Structures are given as C-alpha cells and as structure tokens.
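Dear colleague,

Please find the structure below, which I am handing over to you for your work.

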Amino acid sequence: MASSLKFGIDIRPMRDEDLARVSAIDQISFSQPWPDDAYRYELHNNPKSRSFVAEIRKTNKGLEVVGVIVVWLILDEAHIATLAVDPGYRGKGIGRKLVAEAMKEAVRQGANVATLEVRASNDAARSLYQDFGFKVVGRRLRYYLDNGEDAILMTVDGLGEMYLDQFVHQQS
Ligand SMILES: CC(C)(COP(=O)(O)OP(=O)(O)OC[C@H]1O[C@@H](n2cnc3c(N)ncnc32)[C@H](O)[C@@H]1OP(=O)(O)O)[C@@H](O)C(=O)NCCC(=O)NCCS
C-alpha cells in the first residue's frame with residue numbers, strides 16, 4: 001500500500017521548462033535511458049505523443065516535477081512508451097496517478113486497446129499495470145540490450161467509459 005502524500009500533487013501536460021528535470025528522472029530510473037533530446041522530440045515533433053508530468057507542491061519550497069509518463073496514440077491503440085518516478089518519491093501513489101491520467105487521455109482520444117513492454121524482472125511496474133487491467137500477452141526474448149533481459153508484453157482492451165469506471169476513477 002502506498003504511503004500517504006505529505007504534499008499536494010498535480011498531474012499536468014509536460015512543458016518545455018520540464019525537459020531538463022524529466023530527462024534527469026529518466027537517466028536515474030533506467031539502465032538504458034532515452035537520449036537527451038528524446039523528450040523534446042515527444043513534446044514538439046511527435047503528434048501522436050502525449051506526455052504528462054507529476055508535480056508536487058511543497059510548503060514554502062515551490063514546485064518540483066517528480067514523475068513522467070509518455071503515451072503514444074496510434075489509431076485505436078495507446079502505447080505506454082515510458083513511465084518513471086523520481087526514486088525519492090516512489091511508493092507514494094505517484095506512478096498510479098500518472099498511469100491513470102495516461103489511460104484517461106487514451107480513452108479521450110478514442111483508443112480501444114493499450115499496450116506496453118516491461119522488463120520481466122520489474123515487479124513494481126508489472127504490479128502497477130495489472131491494477132489497471134493490463135494482462136501479460138507475450139514475451140520478447142532478450143529484448144533489452146544491456147543485460148539480455150526479456151520484455152513482457154502487456155495489453156488491456158475494451159477501453160472506454162466502463163473501463164475508466166472499473167479501473168481508473170477509483171485510483172485517481
Ligand atoms: C514503476 C514506478 C513508475 C512506480 O511508481 P511509484 O510512484 O513508486 O508507484 P506507486 O506508488 O503509484 O505504486 C502503485 C503500485 O505499483 C506497485 N508497486 C510500486 N512499487 C512497488 C514495489 N517496490 N514492489 C512491488 N510493487 C510495487 C504496487 O502495486 C503499488 O500499489 P500499492 O501501493 O497499492 O501496493 C517506479 O517504481 C519507477 O519509476 N521505476 C523505475 C522506472 C520503471 O521501471 N518504469 C516502468 C517502465 S515499464
């Protein structure tokens with residue numbers, strides 16, 4: 001169970017001023033991080049991409065971006081391209097809020113199905129996605145080049161208002 005938040009949090013679309021912070025979170029979160037300019041590309045050059053950040057409000061300390069999610073919307077399919085939360089803020093329900101926003105955006109844009117790949121050993125992410133109805137549908141052998149780990153393919157279909165009621169609204 002996530003520990004309770006001691007700060008306010010907003011999930012909002014990513015903006016230019018977030019790019020350096022988002023890249024830093026990506027770098028610290030992944031053994032194969034995205035290239036430096038990848039998030040700028042998502043923001044400005046990929047019309048199929050929607051990116052959201054989690055921003056916390058600390059008393060007297062202003063705002064800080066602590067998480068990011070990118071979802072690609074291609075025809076009726078949403079693909080969660082990346083998700084990361086600053087290690088100092090994990091286990092507080094922020095990843096859950098980011099996935100909830102991505103799934104709401106997928107439904108708003110007319111997606112019927114969502115897909116993603118996740119490292120086989122990534123129990124935290126797999127468990128989070130399962131909470132949103134994702135099921136394992138396949139495995140890509142030795143997909144990750146750094147350690148030869150398999151990727152697990154997960155999907156959820158039947159997206160729409162009933163899906164949001166069942167899996168998203170009570171979590172966001
Ligand atoms: C995966 C990740 C985004 C989760 O973010 P988070 O903010 O810590 O997640 P939340 O606090 O919202 O937790 C939501 C659920 O995820 C699962 N979860 C989160 N951390 C977990 C852990 N350490 N072990 C097992 N399950 C975990 C649980 O099901 C949890 O629900 P619960 O709190 O009711 O038990 C975060 O761990 C991360 O950034 N990891 C590195 C990058 C990564 O692996 N991204 C996913 C790529 S597919």
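How far from an oxygen atom of the ligand does a backbone N or O atom of Gly93 lie? The distance is 2.8 Å. Please bear in mind throughout that this is a predicted model.

The ligand site

Two further residues place polar side-chain atoms by the ligand. For Asn122, an N or O atom of the side chain is 2.6 Å from an oxygen atom of the ligand. For Arg90, a polar side-chain atom lies 3.3 Å from a ligand oxygen atom. The ligand taken alone exposes 920 Å², of which the protein buries 75%. There are 23 residues around the ligand, and those that come nearest are Leu83, Gly95, Arg96, Asn122 and Ser127.

The nonpolar cores

The largest nonpolar core holds 39 residues. Within this core, Ile94, Met103, Tyr129, Phe132, Phe134 and Leu159 touch the most other members. Several elements give two or more residues to it, including strand S2 (49-58), strand S3 (62-74), helix H4 (123-131) and helix H5 (161-168). The most is given by H3, with eight residues. Apart from this core lies another, of twelve residues, among them Ile25, Trp34, Ala38 and Tyr39.

Phe132 illustrates how the parts of the chain meet. Leaving aside residues up to four places away in sequence, Phe132 touches Arg96, Val99, Ala100, Met103, Val156, Tyr163, Phe167, Val168 and Gln171.

Helix H3

Eleven of the 15 residues of H3 are buried, so this helix is largely enclosed by the rest of the structure. Among the buried residues are Ile94, Gly95, Leu98, Val99 and Met103. At 1.5 Å a residue, H3 should span 21 Å, and this agrees with its end C-alpha atoms, which are 21 Å apart. After H3 comes Gly110, whose phi is positive, near 90°.

Met154

Met154 lies in strand S7. Its relative accessible area is 0%, and Met154 is therefore buried, the cut-off being under 20%. Residues up to four places away in sequence not being counted, Met154 touches Ala114, Thr115, Leu116, Val118, Arg126, Tyr129, Gln130, Phe134, Lys135, Val136 and Val137. The C-alpha atom of Met154 is separated by 24 Å from that of Ile11, a residue 143 places away along the chain.

With kind regards

Notes. Residues numbered from 1 in each chain as written. Predicted model: local features only at pLDDT ≥ 70, side-chain atom pairs only at ≥ 80, totals over all residues. Heavy atoms only, no water. Core = buried A, V, L, I, M, F, W, Y, C linked by side-chain atoms within 4.5 Å. Buried < 20%, exposed > 50% of the residue type's maximum accessible area, 1.4 Å probe, protein only. Helix = DSSP H or I, 4+ residues; strand = E, 2+ residues; numbered from the N terminus. Contact = heavy atoms within 4.5 Å. Near = heavy atom within 4 Å. Polar contact = N/O pair within 3.5 Å; in protein donor to acceptor, adjacent residues only side chain to side chain. Areas by Shrake-Rupley, 256 points an atom, 1.4 Å probe, with all protein chains shown as cover. Expected span 1.5 Å × (residues − 1).
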